[in-house]
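User: Could you walk me through reading a structure like this one? I would like the general idea of each feature and then the case at hand.

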Amino acid sequence: MGGIFNSSVGRKFAMALSAFFLMIFLVQHFAINMLSVFSADVFNDVSHFMGTNWVVQYIAQPILILGVLFHFAMGMVLEIRNRNARSIGYVKYNGNANSTWMSRNMIYTGAVILLFLGLHFYDFWFPEIQIKFIDGDMSGLLANGEYRYFDHLQHKFVDVWRVALYCLAFVFLALHLLHGFSSAFQSVGANNKYTRGLRGFGKAYAIIIPLGFIFIALYHHFN
């Protein structure tokens, strides 16, 4: 295992695998949140299941958090090594000519996303931990006997500043994914006759998923 992380190819491969894992999670998270647009009851039921199922809470959730931390840590390592490689005096590096803006600024778009995750955890994850594991209330119910998940979601999108931050963060997510999706497939060796199709699918994914999250935030703000 240590040999994998000691090589540039190995680090990029591990980075790609963590990216695939997070992109799959992103689709699942988007699908659940989109339910809130169509049915508060269905969203509440699914949210309660995800919030109380022991497999999700004690296995999937820790793996997800480790995946996020690993992805960003590995991204920092790759960025530092790339910068060191470009700093060699006798090599002239013209980033504008050799790469896209997204590829040159992955570390910055990633940093914005990481800051956004801090806000997202503050808004949703930390209160859940407080209610379920500190207060010991696993019922998911409000005082009126209804599930609290939809009510909590809508209240978080009342403030204009929070909605603006969420929308801005998803714009940066789109920029991050526009390069990250194709880069992940390239890192695992997917350079074949399907490359063009994967590139098109990656662009669609990088635009549709963030736009979907922006739509959800705006929908609850205006409703």
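Analyst: Happy to! Let us begin with a salt bridge: arginine 148 pairs with glutamate 128, and their closest N and O atoms are 2.3 Å apart. The term means a side-chain nitrogen of Lys or Arg within 4 Å of a carboxyl oxygen of Asp or Glu. This is a predicted model, where local features need pLDDT of at least 70 and side-chain atom pairs count only at pLDDT 80 or more, while totals for chains, interfaces and linings use all residues. Residues are numbered from 1 along each chain as its sequence is written, and side-chain values use heavy atoms, with hydrogens and water left out.

User: What is the general idea behind such a pair, and which parts does the pair of arginine 148 and glutamate 128 tie together?

Analyst: Side chains of opposite charge can pair when their charged atoms come close. Here arginine 148 sits in the loop between H7 and H8 and glutamate 128 in helix H7, so the pair ties together parts that are 20 residues apart in sequence. Helices (H or I, at least four residues) and strands (E, at least two) are DSSP runs, numbered from the N terminus.

User: Are arginine 148 and glutamate 128 buried or exposed?

Analyst: Both arginine 148 and glutamate 128 are buried. Buried means under 20% relative accessible area, exposed over 50%, and partly exposed in between (1.4 Å probe, protein chains only). Glutamate 128 also forms a salt bridge with lysine 132, with the closest N and O atoms 3.6 Å apart. Lysine 132 and glutamate 128 lie in helix H7, four residues apart, about one turn of the helix.

User: How many salt bridges does a search of the whole structure find?

Analyst: Five. One of them joins aspartate 123 to lysine 156, whose closest N and O atoms are 3.8 Å apart. That pair links distant parts of the chain, with aspartate 123 in helix H7 and lysine 156 in helix H8 (residues 149-156), 33 residues apart. Both aspartate 123 and lysine 156 are buried. A network of salt bridges links Asp123, Lys156, Asp159 and Arg162.

User: Now the fold. How should I read the packing of helix H9 and helix H10?

Analyst: Two packed helices are described by the angle between their axes and the distance between the axes. The axes are lines fitted to C-alpha atoms, for helices over the stretch in contact, and angles run from 0 to 180 degrees between N-to-C directions. Helix H9 (residues 160-187) and helix H10 (residues 195-222) pack at about 170 degrees, with axes 8 Å apart. H9 and H10 are therefore roughly antiparallel; angles under 35 degrees count as roughly parallel, over 145 as roughly antiparallel, 65 to 115 as roughly perpendicular and the rest as oblique.

User: What secondary structure does the protein chain have?

Analyst: The protein chain has ten helices and zero strands. Of its 223 residues, 37% count as buried.

User: And the surface: which residues make the nonpolar patch?

Analyst: Phe21, Trp54, Val55, Tyr58, Ile59, Ile63, Phe133, Ile134 and Met138 make a nonpolar surface patch of about 880 Å². Patches are made of residues with over 30% relative accessible area and no salt bridge: like charges are joined within 9 Å, nonpolar side chains (Val, Leu, Ile, Met, Phe, Trp, Tyr) within 5 Å. Accessible areas come from the Shrake-Rupley method with a 1.4 Å probe, and for residues only the protein chains shown count as cover. The largest share, five residues, comes from H4. Isoleucine 134 lies in helix H7 and is exposed, with a relative accessible area of 58%.
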